[in-house]
Amino acid sequence: MLDRKDSQSMPTQQDMSQYIHNPLWDLFYQYMIDQYHITPKYEFSKCSWEYGWNIKMKKSQKTLCTIYPRENYFTVMVVIGKKEKDSFEQILPTLHSNIQNIYANTQEGNGQKWLMIDLEDDNK
């Protein structure tokens, strides 16, 4: 069983899947691999913001998103930077209202918005 706070024991994809225990996780994980042709990178963060294991989805050294495992769901952090802001805001009206609300209620700092999106079911 995964202990998110144990920096000495790197989890596997199976460990994460069992810990998150949500079918949406496996679908999301595989989608990111298939769509972006990436290898997820498991990292241990000692940051007080989110101490413990997370998964970075990177392509060409750029982090597309960071995933924080939770019991029965997971949180996806997406950073909308200065370069992405205009194009993101163009597609924003087509996204689910929950994403629109998260974006509207996320403060901007240094030209960036750090969106924290909890994925619990496929209604988001």
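Predicted model: local features only at pLDDT ≥ 70, side-chain atom pairs only at ≥ 80, totals over all residues.
Strands here are DSSP runs of E, at least two residues long, numbered from the N terminus. Two of them pair if DSSP finds at least two bridges between them. Most residues other than glycine have a negative phi. Q61 counts as exposed because its relative accessibility is 74%, and the cut-off for exposed is over 50%.

Now follow the strands away from this turn. β2 covers residues 52-59 and β3 covers residues 62-70; the two pair in the antiparallel sense over 5 bridges. Within this pair, I55 stands opposite I67 of β3. The chain then turns again. The hairpin of β3 and β4 also has 2 residues between its strands, and here N72 takes a positive phi near 80 degrees. β4 spans residues 73-80 and pairs with β3 in the antiparallel sense, over 5 bridges. P69 faces F74 of β4 across this pairing.

Step back to the whole chain. It has 4 helices and 6 strands. Along the sequence they follow the pattern α-α-β-β-β-β-α-α-β-β. The strands form an open sheet of 6, in the order β1-β2-β3-β4-β6-β5, with antiparallel pairing. Its edge strands are β1 and β5 (108-109), each of which pairs on one side only. F44 stands opposite W53 of β2.

Helix α3, residues 82-91, touches β3, β4, β5 and β6, and its direction makes about 110 degrees with that of β4. Helix α4 touches β4 and β6; its direction makes about 145 degrees with that of β6.

What about the interior? The largest nonpolar core has 27 residues, and W25, F28, M57, I67 and F74 touch the most other members. Two or more residues come from each of α1 (13-20), α2 (23-36), β1 (41-45), β2, β3, β4, α4 (97-105) and β6 (112-119). The most come from α2, which gives 5 residues.

For a sense of distance, take F74 and Q112: they are 38 residues apart in sequence, and their C-alpha atoms are 22 Å apart in space.

Not counting residues up to four places away in sequence, T66 touches N54, I55, K56, T75, V76 and M77.

Return to the backbone for one further residue. H21 lies in the loop between α1 and α2. H21 is not a glycine, yet it has a positive phi of about 50 degrees. Is H21 buried or exposed? It counts as exposed, because its relative accessibility is 59%.

Finally, the overall dimensions. The C-alpha trace spans about 40 × 30 × 25 Å along its principal axes. The radius of gyration is 15 Å; a compact globule of 124 residues would have one near 14 Å, so the two agree. Buried residues make up 38% of the 124 residues. The accessible surface comes to about 8000 Å², and 48% of it belongs to carbon and sulfur atoms. Among contacts between residues at least 6 apart in sequence, 50% join residues at least 24 apart.

Terms used: Residues numbered from 1 in each chain as written. Heavy atoms only, no water. Core = buried A, V, L, I, M, F, W, Y, C linked by side-chain atoms within 4.5 Å. Buried < 20%, exposed > 50% of the residue type's maximum accessible area, 1.4 Å probe, protein only. Contact = heavy atoms within 4.5 Å. Rg over C-alpha atoms; globule rule 2.2 N^0.38 Å. Areas by Shrake-Rupley, 256 points an atom, 1.4 Å probe, with all protein chains shown as cover. Axes fitted to C-alpha atoms, helices over the stretch in contact; angles between N-to-C directions.
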